[in-house]
Amino acid sequence: MKKHKHFETDAIRTQVIRSAQNEHSVPIFATSSFVFNTFEEARAAFAEETDANIYSRYSNPNTDEFVAKLCKMENTEDGLATSTGMSAIFLALTSHLRAGDHIVASRSVFGSTHQIFINILPRWGITHTYVDINKNDEWEKAIMPQTRLLFAETPSNPGLDLCDLEFIGKLAKKNNCLFVVDNCFATPYLQNPANFGANLICHSATKFIDGQGRVLGGAILGPKSTIKDVRAMARQIGPSLSPFDAWILSKSLETLAVRMERHCENALILAQYLDKSKDIEVVKYPFLPSYPQLSLAKKQMKLGGALVTFDLKGDSKRCSKFMDNLEMLSLTSNLGDTRTTVTHPASTTHSKLSPEEKKAVGITGNLIRISVGLEHIDDIISDIEQAIAKSK
Ligand SMILES: Cc1ncc(COP(=O)(O)O)c(C=O)c1O
């Protein structure tokens, strides 16, 4: 499909071929299989001599369109749509690893990714070493002869710490390892890990790519040679995205750029407000002047993202009071919605981490994570302001 000069145009004008009906908006190809006009067509499709659609577990025009847009946005050759972000991550990890292989990963990863590292991969003899995401020397020291893959989620959840993509990209290349990045928090609009040497990029499309809290979805992107093994595995185990959900997600990509601009504008204003509040201990936001990795954030991200975290002063009971007093903001573990969502990671998304693990990634009892939505920023701030006042 033709590539335009700008992200926004590709997001809107990348489209599967029009059907005989000459529709303007893309239809939903709600079909489990596809027909062949001849015996020879069927044979050639199964022999992978053509890229004809066979069965929607393998490919479908809606998932193809969604992936074609993401490939242009992430500057990758190829990709695959998946049913969830977790199936994308699981495929990225398992399609290229064998028993005895070793992973180096940033310690601050999403809870389910952590469970894959500690409970699932060890069953097949795949081990890992966790490192502090922002300490390049730790990454370097953790590499062993059997290390095959480096994994990072940047910005991290919920710590909002960054991995130095260029450094880790070079380190992976030097050591003949795959570099896998979960780019869910930044989205392809704010950050393109492939430009810094990442070999596989995973997305939970459930978050900002959908952006409206409606569907689950995921994607995995990279060079053709690396996606080949991912696709071969996915075809057999079947973590496919439904045509309907792919249609929604492809439509959502059309507005990703404008939504992310506003998410980031609102998040920066909120972070600046919280930074001045006497009730807040620490505010973290990648584009805030006080952010410890500000220059790295500006090097690898276009804007600071939609996530803001802060520690409320006082004991952890104050957090529950604060959250119970919110009138408009939603208490939910999801993020990347038009609606501002508030999470207390220690008691919800990261509750399975041991006290030591929580401490290591900066999850205190007082930490609040906000995914700043698209409501008017004054209304977001005023809800937070009144809930802070009532939490005293
Ligand atoms: C950073 C990150 N990666 C992956 C996932 C998993 O995505 P999904 O829920 O679509 O499987 C999440 C979900 O919250 C996430 O926050």
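This is a predicted model: local features need pLDDT of at least 70, side-chain atom pairs count only at pLDDT 80 or more; totals for chains, interfaces and linings use all residues.
Where the two domains touch, domain 1 contributes 29 residues and domain 2 contributes 33 residues. On the side of domain 1 that touches domain 2, at least two residues come from each of helix 1 (7-13), helix 8 (187-190) and helix 10 (243-253). Sorted by class, that side of domain 1 holds 15 nonpolar, 10 polar and 4 charged residues.

Helix 10 also has a partner in helix 3 (residues 61-74). The axes of helix 3 and helix 10 come within 8 Å and cross at roughly 30°. Because of this angle, helix 3 counts as roughly parallel to helix 10. The crossing in which helix 3 passes helix 10 is left-handed. On the helix 3 side, the residues that meet helix 10 are Asn62, Thr63, Glu65, Phe66 and Lys69. Facing them from helix 10 are Pro243, Ala246, Trp247, Leu249, Ser250 and Leu253. This contact of helix 3 with helix 10 consists of 6 nonpolar, 3 polar and 2 charged residues.

A second pair to look at is formed by helix 4 (residues 85-94) and helix 9 (residues 224-237). Helix 4 and helix 9 pack at an angle of about 120°, and their axes are 9 Å apart. The two helices are therefore oblique to each other. Helix 4 passes helix 9 in a right-handed crossing. Here Leu91, Ala92 and Thr94 of helix 4 meet Val230, Met233 and Ala234 of helix 9. By class, the contact of helix 4 with helix 9 contains 5 nonpolar residues, 1 polar residue and no charged ones.

Helix 11 (residues 256-276) and helix 15 (residues 377-390) pack at an angle of about 35°, with 10 Å between their axes. The crossing of helix 11 and helix 15 is right-handed. Asn266, Ile269, Leu270 and Tyr273 are the residues of helix 11 that meet helix 15, where Ile377, Ile380 and Ile381 take part. In the contact of helix 11 with helix 15 there are 6 nonpolar residues, 1 polar residue and no charged residues.

The next stop is the ligand. Around the ligand there are 13 residues, and of these Thr84, Gly85, Met86, Ser204 and Thr206 come nearest. The shell around the ligand is made up of 5 nonpolar, 6 polar and 2 charged residues.

Finally, some details of the backbone deserve a look. Most residues other than glycine have a negative phi, and most peptide bonds are trans. Proline 155 sits in the loop between strand 4 (147-153) and helix 7 (165-174). A cis peptide bond, again with omega near 0°, joins asparagine 157 to proline 158. Proline 158 also belongs to the loop between strand 4 and helix 7. Asparagine 22 is not a glycine, yet its phi is positive, at about 60°. This asparagine 22 is found in the loop between helix 1 and helix 2 (39-46).

Key:
Residues are numbered from 1 along each chain as its sequence is written. Two residues are in contact if their C-beta atoms, placed from the backbone, lie within 7 Å. Helices (H or I, at least four residues) and strands (E, at least two) are DSSP runs, numbered from the N terminus. Ala, Val, Leu, Ile, Met, Phe, Trp, Tyr, Cys and Pro count as nonpolar, Asp, Glu, Lys and Arg as charged, and the others, Gly among them, as polar. Axes are lines fitted to C-alpha atoms, for helices over the stretch in contact, and angles run from 0 to 180 degrees between N-to-C directions. Angles under 35 degrees count as roughly parallel, over 145 as roughly antiparallel, 65 to 115 as roughly perpendicular and the rest as oblique. A crossing is left-handed if the near helix is turned anticlockwise from the far one by less than a right angle, and right-handed if clockwise. A residue is near a molecule or strand if its C-beta atom, placed from the backbone, lies within 6 Å of it.
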